[in-house]
Amino acid sequence: MHSQFLVLSLMLLTFATHALSQPIRRVQQGTADLSSWDFSEDKLVELHGEWLCQSLGDALDCAAPGSLRSVPFTLWRSLEQVRKGQALYSRLETTVSLPRDLRDPLFLNIRDVFGAWRVILSDPATDVIYFDQQFGSIAAQHEHSIPMGGEVWAPLPLQPEVKISIEISSSAASYGLFRPPVIGRPELIHALREKNLLQMAMIIGAFILLGLYSL
């Protein structure tokens, strides 16, 4: 019986971790070329990869203007930043190229952000803003930067290129974007969420079975 528990738990753990590993990095050097992506084939895109990063406060959490940050990410405040009362405050940006024959409306979904945050969709050539939503008080100083939850469902404009900007600040010990933003139809994004929950439940279940086996 114990051997069956062990085999089952190892199978669950292997399957779930394999499904969660090795994401495709769609964003390279701050751009994501989805111009040939067929969204009609029940597909969506998770925007893993190298987003442009710019520090907006005194705490220089991005190395330099134009530097890159891998998304998703978690960043911790240093003891010096805590002593000075500095909040982590930065802007992430990527420019997405979309198919020119796009007909069905697509949405950008962002959630699981720790910190006060703001999402802006704009035209990369003219800076015309299509969408702007904010959660909490975004600031560079400790006493003003209030962490918030929230979730964004932003309709993408029917344009060949869209710039996605995400500003995040936090006076807590850490801040981050724990999941990559997703582009697709709402029903597929919800299906992806259920799939991720199932995979996480399988991992937890595998560890519980391993714990029972060791008793």
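**Core, charges, rings and strands**

Modeller: The largest nonpolar core has 36 residues, and those touching the most other members are Leu-47, Leu-108, Ile-110, Ile-168, Leu-177 and Ile-183. Such a core is a set of buried Ala, Val, Leu, Ile, Met, Phe, Trp, Tyr and Cys residues joined through side-chain atoms within 4.5 Å. Buried means under 20% relative accessible area, exposed over 50%, and partly exposed in between (1.4 Å probe, protein chains only). The model is predicted, so local features need pLDDT of at least 70 and side-chain atom pairs count only at pLDDT 80 or more, whereas totals for chains, interfaces and linings use all residues. Residues are numbered from 1 along each chain as its sequence is written, and side-chain values use heavy atoms, with hydrogens and water left out.

Biologist: Which strand gives the most to this core?

Modeller: In soluble globular proteins, nonpolar side chains tend to be buried together. Here β12 gives the most to the core, with 4 residues. Strands are DSSP E runs of at least two residues, numbered from the N terminus.

Biologist: With which residues is Leu-47 in contact, leaving aside its neighbours within four places in sequence?

Modeller: Contact means heavy atoms within 4.5 Å. With those neighbours left aside, Leu-47 is in contact with Val-27, Ala-32, Val-71, Val-96, Leu-108, Ile-164, Pro-180, Pro-181 and Ile-183.

Biologist: How many salt bridges does the count come to?

Modeller: Side chains of opposite charge can pair when their charged atoms come close. The rule for a salt bridge is a side-chain nitrogen of Lys or Arg within 4 Å of a carboxyl oxygen of Asp or Glu, and the count comes to 7. Arg-91, Glu-93 and Glu-167 are linked in a network of them. The closest N and O atoms are 4.0 Å apart for Arg-91 with Glu-93, and 3.2 Å apart for Glu-167 with Arg-91. Glu-167 lies in strand β12 (residues 161–170) and Arg-91 in strand β6 (residues 88–97), so this pair ties together parts that are 76 residues apart in sequence.

Biologist: Is Glu-167 buried or exposed?

Modeller: Glu-167 is buried, with a relative accessible area of 7%, while Glu-93 is partly exposed at 21%. A further salt bridge joins the side chains of Lys-163 and Asp-127 (3.6 Å, N to O). Lys-163 lies in strand β12 and Asp-127 in the loop between β9 (116–122) and β10 (129–135), so the pair connects parts that are 36 residues apart in sequence.

Biologist: How many aromatic pairs are there?

Modeller: Rings of Phe, Tyr and Trp (its six-membered ring) pair if their centres lie within 6.5 Å; planes under 30 degrees apart count as stacked, over 60 as edge-to-face and the rest as tilted. The count comes to 2 aromatic pairs. Trp-37 and Phe-39 form a tilted one, 6.3 Å centre to centre with 55 degrees between the planes. The rings of Trp-117 and Phe-135 have centres 4.7 Å apart and planes at 20 degrees, so that pair is stacked. Both Trp-117 and Phe-135 are buried.

Biologist: Which strands pair with β7?

Modeller: Two strands pair if DSSP finds at least two bridges between them. β7 (107–110) is joined to β11 by 4 bridges, and the two run antiparallel. Phe-107 has Pro-155 as its bridge partner in β11. With strand β14 (residues 182–184), β7 pairs in the antiparallel sense over 3 bridges, and the partner of Asn-109 there is Val-182.
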